[in-house]
Amino acid sequence: MTQTSSKTDSRTYPSAFYAAAGVGDLAYEQLRKLPELADKLRVKASELADQATATDVPQWKAKANEYGAFATSKAAELTAKVDAAGIRDSIVSGTQTAAEKASKFYDSLVARGEQAFTEQQAGTEPAAPQAEPAAAPTAEAKADVVPPAAKPAAKKPPRAAK
């Protein structure tokens, strides 16, 4: 008896299983691109090696020292202008954005894993990979999203032996 399920029905396995299958499918896709990338990098490395042999080292050392002194003075100037509250707000909003992106990425891995799993069960070759899965997260996938955990309590230092 073969079980079939759609994204609106309950899944046969937990979403973490499908996410793991999605990661495997994504890794397989990226590994297939590796030989072409290695060839490109080999060509680029030989070009850079040729450029490195043709450079004037003392000139670059002088430029590096000049830019180093400029960076040090600029860092001292900017340190005086730091707004801690603004930085904190920026970090909080950035963290929230990162959590939302991670949740969407997890949902896309689950969708990709479900697709790979059903294709494997049907005995077909996986479909051509998409740059970004266009499937919107289902209500069940949204229910699987866990809010970020609270910060752990600060650890107390060990008591001194009497």
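How many helices and how many strands does the chain have? I counted five helices and zero strands, taking helices (H or I, at least four residues) and strands (E, at least two) as DSSP runs numbered from the N terminus.

I noted that this is a predicted model, in which local features need pLDDT of at least 70 and side-chain atom pairs count only at pLDDT 80 or more, while totals for chains, interfaces and linings use all residues. Residues are numbered from 1 along each chain as its sequence is written, and side-chain values use heavy atoms, with hydrogens and water left out.

Next I looked up helix H1, residues 15-32, and found that it packs against helix H4, residues 84-122, at an angle of about 80°, with the axes 6 Å apart. Axes here are lines fitted to C-alpha atoms, for helices over the stretch in contact, and angles run from 0 to 180 degrees between N-to-C directions. That makes H1 roughly perpendicular to H4 (65 to 115 degrees).

I then listed residues that meet (heavy atoms within 4.5 Å): among them are Phe17 and Leu26 in H1, and Phe105 and Arg112 in H4.

Which residues of H1 are buried? I found Ser15, Tyr18, Ala19, Gly22, Asp25 and Glu29, where buried means under 20% relative accessible area and exposed over 50%, with a 1.4 Å probe and protein chains only. Seen down the axis of H1, the buried residues fall within an arc of 120°, so they line one face of the helix; the arc is that of the directions from the helix axis to the C-beta atoms. On the face turned away from that buried side, I found the exposed residues Ala20 and Leu31.

How values were computed. Angles under 35 degrees count as roughly parallel, over 145 as roughly antiparallel, 65 to 115 as roughly perpendicular and the rest as oblique.
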